Amino acid sequence: TYSAYFAVGGKFAEGRGHAVLYGSYRNLAEITKGDRDYVNCAVSAGSDGPFCGGSSTIAEGRFIAFDANGDSIGDFMVGGNGHEFVPRAGTVFNYGPYNHLQRPDEKINLGAFGHYTINEHVEPYMEVMYTTNHTDAQIAFTGTFFNTGTINCDNPLMSAQQRATICGPGTGYGPTDFAEVYLGKRNVEGTPRSNALGHDNFRILGGVRGDINDSWSWDAYVLRAENHSTDVYNNDLSIARLTNAMDVIVGTDGQPVCRSGGNCVPYNVFQEGAITQAMLNY
């Protein structure tokens, strides 16, 4: 954390006027939980005490599948040769290291005050103040968070083993049906979520005041103040686009395309290392 302050002031015109100028600057560096070993995991409570846990929306992709009758087929993730479904077996994602302990923060504060006594009845004065502050709150990568509930059995991005697992004989699904599968894929290929917050405040006051007599005084002034704030949340997935990108078929050129068409880019969550920047951009 870096901070600097200054204030200067004094009188002028043989003491008839007084003025003060001040300012401050503060800069807080980012600290994530991954920077401290005592908070770098998501803690869960177990029968034998606390342990490092996490979210079931995992980097490998979690697939919770049901047959056409609504009975469970299994709880899978991508593994094996990198293009197969294997049992999840309790795998979780440790989101702790990406969350902020201290947010990066920068603040500038400036101001000035002054007045000048013409006589006891007339004293012009002014005040100016300005503050700007910006910070960014980060949490771990977003994910699909089981917001999609189907996978079409003719999705060409699946391997033969994956298709047989969720759409094969005994599941009750045909080759073009939509299997009931809920996806929990952590978007580790992207950028952690962030909430950018900003505040800019400005105030200026100018006036004239003075005494009328021992009982009465007067004060006339003009004041203008503005407050601007920004609040931008970044790097979460669009559920609507995710739904489009998961419904993939073979196009006229023999390549995987989104059924919805347009600028949709198929989301390949079925193979390790297959997610591209174009998929993330969409």
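**Reading the model, feature by feature**

Author: Let's start with Asn201, which sits in strand β14 (residues 193–211). Strands (E, at least two residues) and helices (H or I, at least four) are DSSP runs, numbered from the N terminus. This is a predicted model, so local features need pLDDT of at least 70 and side-chain atom pairs count only at pLDDT 80 or more, while totals for chains, interfaces and linings use all residues. Residues are numbered from 1 along each chain as its sequence is written, and side-chain values use heavy atoms, with hydrogens and water left out.

Reader: Is Asn201 buried, exposed or partly exposed?

Author: Buried means under 20% relative accessible area, exposed over 50%, and partly exposed in between (1.4 Å probe, protein chains only). Asn201 has a relative accessible area of 28%, so it is partly exposed.

Reader: Which residues is Asn201 in contact with?

Author: Contact means heavy atoms within 4.5 Å. Leaving aside neighbours within four places in sequence, Asn201 contacts Met129, Tyr130 and Thr131, plus Glu226, Asn227 and His228.

Reader: Now a helix. Which residues of α1 are buried?

Author: An α-helix has 3.6 residues a turn, so residues three or four places apart point the same way. In α1 (residues 160–167), the buried ones are Gln162, Thr165, Ile166 and Cys167. They lie on the same side of α1, because they cover an arc of only 155 degrees around the axis (taken from the directions from the helix axis to the C-beta atoms). These buried residues pack against β6 (62–66), β7 (72–79), β8 (84–87), β12 (150–152) and β13 (178–184).

Reader: And the largest nonpolar core: which residues touch the most other members?

Author: A nonpolar core is a set of buried Ala, Val, Leu, Ile, Met, Phe, Trp, Tyr and Cys residues joined through side-chain atoms within 4.5 Å. Here the largest has 27 residues, and Phe63, Ile151, Ile166, Met246, Tyr267 and Phe270 touch the most other members. Two or more residues of this core come from each of β6, β7, α1, β13 and α2. A second, separate core of five residues includes Ile58, Met77, Phe93 and Ala140.

Reader: What does Phe63 touch?

Author: Not counting residues up to four places away in sequence, its partners include Phe76, Phe85, Ile151, Val181, Leu183 and Phe270.
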